[in-house]
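Open the model in your viewer and keep the selection panel at hand.

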Amino acid sequence: METRRVPRAVSDPKVRQVGFFAPGAPPDRSQSGPPHPASSSPPVSEISPSGNSLSPVMIPPPRHLSADLARGPHFSPAAPLSPMRAARDSIPVGSYNPSEFVAPTASEFTDDALSPNWTARRSNSGKFASSLPAGGFDMSSLKQNNFPASSLTTVSIVNMPPGITEKDGGAGVEVQKERSKTGSKASLKPLKEQTTKAERRAIQEAQRAAKAATKGDGSKTPAASSGLGSSANANPGKAAKASPQKKDNSPVAASEKRGSDRPQDKDRKKDVPHPRMQFDDKSRVEKAKKRSVVKQTEAKNRVELFRHLPQYEHGTRLPELESKLFQLDPVHPAVYKVGLRYLAGDISGGNARCIAMLQAFQESIKDYSTPPEKALIRDLTSKINSYVSFLIECRPLSISMGNAIRFLKSKIAKLSLALSESEAKAILLSDIDRFINEKIILADKVIVRHAVTKIRDGDVLLTYGSSSAVELLLIHAHELGKNFRVVVVDSRPKLEGKLLLRRLVGKGISCTYTHINAVSYIMHEVTRVFLGASSVLSNGTVYSRVGTACVAMVAHQFRVPVLICCEAYKFHERVQLDSICSNELGDPDMIAKVPGRKEIDSLDDWANSDNLQLLNLIYDATPSDYVSMIITDYGMIPPTSVPVIVREYRREHLWT
Amino acid sequence: MDFQVVVLAGGFSKTLVPLVSKEVPKALLPVANRPVLSYVLELLEQNNLKDLIVVVESESAALLIGGWISSAYVDRLHVEVAAVPEEIGTAGALRAIDHHLTASDILVVSGDLVCDVPPGVVAATHRRHDAVVTAMLCSNPVSGSTESGSSGVKDKAKKRYNIIGLDPTKQFLLHVAAGVEVEKDVRVQKSILRAVGQMDIRADLMDAHMYAFKRSVLQEVLNQKEAFQSLRRDVLPYLVRSQLRSELLLNGVQSEENGNDKDASQNPKIVLSQLLANASTPSFHELHALGPNGFSLSPRKTHKCCVYIASNSNYCVRLNTIQAFSDINRDVIGDASHLSGYSFSAQNNIIDPSAVLGSKTTVGPQCMLGEGSQMGDKCSVKKSVIGRHCRIGSNVKIVNSIVMNHVTIGDGCSIQGSVVCSNVQLLERVVLKDCQVGAGFVVTAGSEHKGESLAKKEK
């Protein structure tokens with residue numbers, strides 16, 4: 001995701017790249033010209049010039065069409081109970097007078113089911129703009145539907161025109177009957193024209209309303225950013241939350257809902273949060289908060305040095321996101337699930353997170369269909385953008401994920417316009433599969449094959465945390481019959497090493513398990529250190545789970561070779577000298593609490609004390625001086641050769 | 001989000017006689033002058049769930065409920081009503097509409113639920129764990145009103161507690177037993193206990209009847225186990241019992257694939273799934289499936305049964321007893337007033353502008369007076385709900401009661417802790433305490449009743 005940073009030549013003075021970068025520096029990789037993964041900047045239009053032809057009028061697709069069709073003939077046509085009931089609107093609902101409840105049953109009306117609505121819509125098409133997306137209606141009436149056994153009766157339809165008098169209904173029935181005699185097809189035509197007019201009008205109104213709404217929002221933003229306080233800022237969020245109900249009150253009722261969904265969608269893709277937002281910049285944070293899907297409460301007492309990193313009150317985010325499950329229309333369920341699991345911490349590890357994300361994207365691409373009058377390339381890119389911004393809100397992206405997203409987007413951008421939708425989708429799906437297979441699975445195999453040559457009989461290997469590549473390596477070496485011992489070093493609070501230990505012991509490898517406090521003691525007997533990495537940066541810095549640097553330094557001091565196993569897709573051209581400017585903060589409660597040991601929970605209400613700050617860093621940067629060798633799918637290289645891989649192989653493999 | 005919502009609205013519940021009558025099925029019982037079903041429908045609407053299937057027991061109830069929904073929710077919800085025979089049970093009801101279920105997950109909500117827990121949380125928990133079933137639990141409601149405890153109904157309510165076993169993280173359901181079965185002892189499965197290591201047994205949780213089911217599993221269970229009648233008593237315990245030795249064809253395609261590729265263990269797909277599995281913290285299900293040494297050739301099949309426990313700040317009660325009916329009515333205009341959807345006056349009550357009050361008549365806080373109701377002089381109303389178009393004479397005292405619509409109350413009556421259904425006539429000087437008066441009943445002048453259930457004889 002860090003494309004925005006200037007990928008400078010390594011020869012530049014290093015100090016200059018460490019500070020807080022101004023966002024939006026142009027990437028100097030123009031010849032490959034991938035769109036910025038998360039930006040709305042103009043490059044997008046370069047890719048598909050045709051996208052400009054996007055007409056301002058977006059005709060909402062018939063809403064219930066697909067649903068009705070999918071359910072097939074089980075469902076009766078929408079039974080016209082409602083006009084009848086609506087006519088008697090004055091009857092108090094709670095009055096249980098039996099005579100009033102001799103409701104018109106659905107079966108009475110099956111033949112000429114929809115006619116009242118039709119005529120009503122025809123005559124008042126302007127007025128009843130709300131009847132607009134009831135496209136499913138028209139279709140279901142065309143089918144001659146009979147009631148099957150134990151059928152469902154549709155008693156209420158979302159977009160039915162309200163308040164038709166009984167007379168209208170009755171007249172409509174007759175008219176419809178006559179018409180159906182003369183020929184149903186002929187009778188359909190004028191109707192359709194009428195509705196489209198109504199549609200157009202509704203859309204216009206909706207757009208006007210949406211514009212007004214955005215204007216209103218816009219006028220609020222300066223006030224908010226000038227620091228009017230949290231109450232002012234909370235308002236827009238609330239408004240957005242309550243919007244579904246509010247919209248119903250507006251004159252264009254239902255149609256507006258459809259209409260305004262789109263602009264929202266548009267806004268979303270424009271406002272993909274900057275992946276490296278500086279979170280100590282208050283006005284930006286407020287802005288980001290407003291558009292975020294997940295309501296994020298900033299943690300109160302954060303460590304001064306790490307204020308620029310996002311830190312939220314972890315306890316509040318998950319329930320918030322969960323309760324909004326059904327309100328997040330634009331997010332595909334698969335993506336949503338992955339995001340939820342990131343947030344809950346169910347998935348961790350660079351490879352696994354990347355694969356999970358790619359698989360979710362595959363699901364969403366499978367279900368994707370280009371809306372009319374849109375180009376697949378542009379629309380899908382914006383879809384992916386919105387998914388990515390959702391995932392970022394759940395947990396900041398890892399570098400591996402950023403690279404994978406870049407890859408996917410470049411693939412989308414490179415699709416030829418001549419391809420049909422299904423072809424394009426098939427190509428993308430196979431591309432993603434290929435990426436997973438080649439860049440992750442096969443790469444791991446190659447790494448294992450290289451690395452296993454470095455394991456000799458009698459070795460004592462030390463590993464830290466739980467790295468998938470190292471695990472594969474150890475298991476493979478064991479299968480080859482090498483005779484070695486493993487020291488698994490672990491640390492609180494995640495204790496990932498335990499899981500690794502469990503699997504290694506299950507395979508019959510003899511292991512020693514210790515915590516990082518004891519690393520200097522155990523290092524005496526170790527002959528090799530194998531570590532995983534979240535990323536390798538182009539100055540050879542290894543960006544990995546916090547604690548890795550400590551282990552590497554101790555190993556260096558004891559003159560034990562440190563070998564890093566990292567797939568080449570995780571390499572990044574960024575240069576980083578410390579682990580401050582770019583990092584991730586975990587849940588501070590995790591280090592404050594020790595599960596199962598109540599007696600030492602002395603930090604229980606730490607959040608209330610102003611002069612206590614907890615720091616739960618997720619990553620750290622290991623300087624290249626402490627790294628003996630990086631084992632990657634292109635072979636075993638010294639840390640100084642990373643830029644070569646980034647420069648040469650990245651272009652060749654990732655961008656083509 | 002690929003969820004389908006089924007609302008089980010019930011029919012003419014036997015437990016709620018005499019409140020429920022031929023004209024008023026359970027789902028249409030008024031809570032603060034709105035049918036109880038509307039609370040569920042509105043909750044779903046707020047959460048953007050607008051395609052619903054409402055399942056109603058018996059045709060006539062379906063007609064009534066369908067009629068009401070179509071008048072109240074035109075243009076807002078897309079509702080389909082299905083009528084199923086009576087006494088078919090919740091599982092039977094779902095079996096009957098089996099062929100309409102198409103989405104990958106089904107959200108089943110009871111129509112008598114009054115709560116403010118967004119269904120999204122249940123669905124999200126369900127999705128996150130890839131569970132076969134997720135149930136929502138809430139803490140047991142505090143039964144009985146604070147003053148003038150209606151002892152007549154209380155002992156009935158007392159029996160309804162469940163024994164629920166949870167894992168230490170409070171995410172998985174390990175044991176369910178309904179109150180009636182617990183009379184003697186609780187039998188806990190050894191295998192589950194061994195796999196989890198620790199089980200919290202709670203008796204203070206109530207099943208809120210909001211479930212998320214995986215559709216394929218639900219349909220499989222319903223089809224295979226013909227005898228299953230109730231979701232809560234049969235299906236849920238079955239799923240919980242068998243979670244470590246699953247007989248279900250979970251994602252049938254995948255298991256087949258795995259079987260075929262067994263010989264080619266270098267298959268990237270297996271490596272991939274293993275990689276993903278290793279990355280996530282395994283629940284006890286996965287650990288159990290892999291066997292004691294963390295590796296076995298034929299993993300045991302398991303499935304997950306999750307729970308979502310509503311926090312105490314949420315309101316969540318089911319209207320399944322008469323006691324609950326009056327409790328909910330009291331709460332909706334009192335403590336849980338955000339549910340009612342009305343705006344309260346400064347005196348913390350709701351009096352419809354068209355209601356007429358006589359001189360020296362007082363309506364206390366937490367009261368509600370429906371439209372067109374008339375009250376005579378010197379009346380006093382406390383903590384009560386009065387429906388529409390009631391005619392109430394002078395010198396009437398109504399405390400802690402629910403008076404439905406079109407009720408005529410004569411002068412000098414005193415009503416305490418009672419439920420008076422629609423079209424009831426109370427003649428002069430009737431004294432009711434903790435009574436239920438069925439629809440259309442006429443209470444003779446001057447009579448006194450205490451803890452009785454008065455209703456017309458069913459012909």
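Angles between axes under 35 degrees count as roughly parallel, over 145 as roughly antiparallel, 65 to 115 as roughly perpendicular, and the rest as oblique. Keep in mind that this is a predicted model.

**First stop: two helices.** Select residues 36-46 of chain B, which form helix α1, and residues 59-72 of chain B, which form helix α2. Their axes come within 12 Å and cross at roughly 50°. The helices α1(B) and α2(B) are therefore oblique to each other. Their crossing is right-handed.

Now show the side chains at the contact. From α1(B), pick B:Leu37, B:Ser38 and B:Leu41; from α2(B), pick B:Ile65, B:Trp68 and B:Ile69. Of these contact residues, five are nonpolar, one is polar and none is charged.

**Second stop: one residue.** Select B:Val235, which lies in helix α8, residues 231-241 of chain B. Is B:Val235 buried or exposed? With a relative accessible area of 1%, B:Val235 is buried. Leaving out residues up to four places away in sequence, B:Val235 touches B:Ala91, B:Phe213, B:Val221, B:Leu222, B:Phe228 and B:Ser230. Then draw a line from the C-alpha of B:Val235 to that of B:Lys225: they are 8.8 Å apart in space and 10 residues apart in sequence.

**Last stop: the whole chain.** Colour chain B by secondary structure to find its 12 helices and 32 strands. Chain B has 459 residues, and 58% of them count as buried.

Terms used:
Residues are numbered from 1 along each chain as its sequence is written. Chains are lettered from A and ligands numbered from 1 in the order in which they are written. This is a predicted model: local features need pLDDT of at least 70, side-chain atom pairs count only at pLDDT 80 or more; totals for chains, interfaces and linings use all residues. Side-chain values use heavy atoms; hydrogens and water are left out. Helices (H or I, at least four residues) and strands (E, at least two) are DSSP runs, numbered from the N terminus. Buried means under 20% relative accessible area, exposed over 50%, partly exposed in between (1.4 Å probe, protein chains only). Axes are lines fitted to C-alpha atoms, for helices over the stretch in contact, and angles run from 0 to 180 degrees between N-to-C directions. A crossing is left-handed if the near helix is turned anticlockwise from the far one by less than a right angle, and right-handed if clockwise. Contact means heavy atoms within 4.5 Å. Ala, Val, Leu, Ile, Met, Phe, Trp, Tyr, Cys and Pro count as nonpolar, Asp, Glu, Lys and Arg as charged, and the others, Gly among them, as polar.
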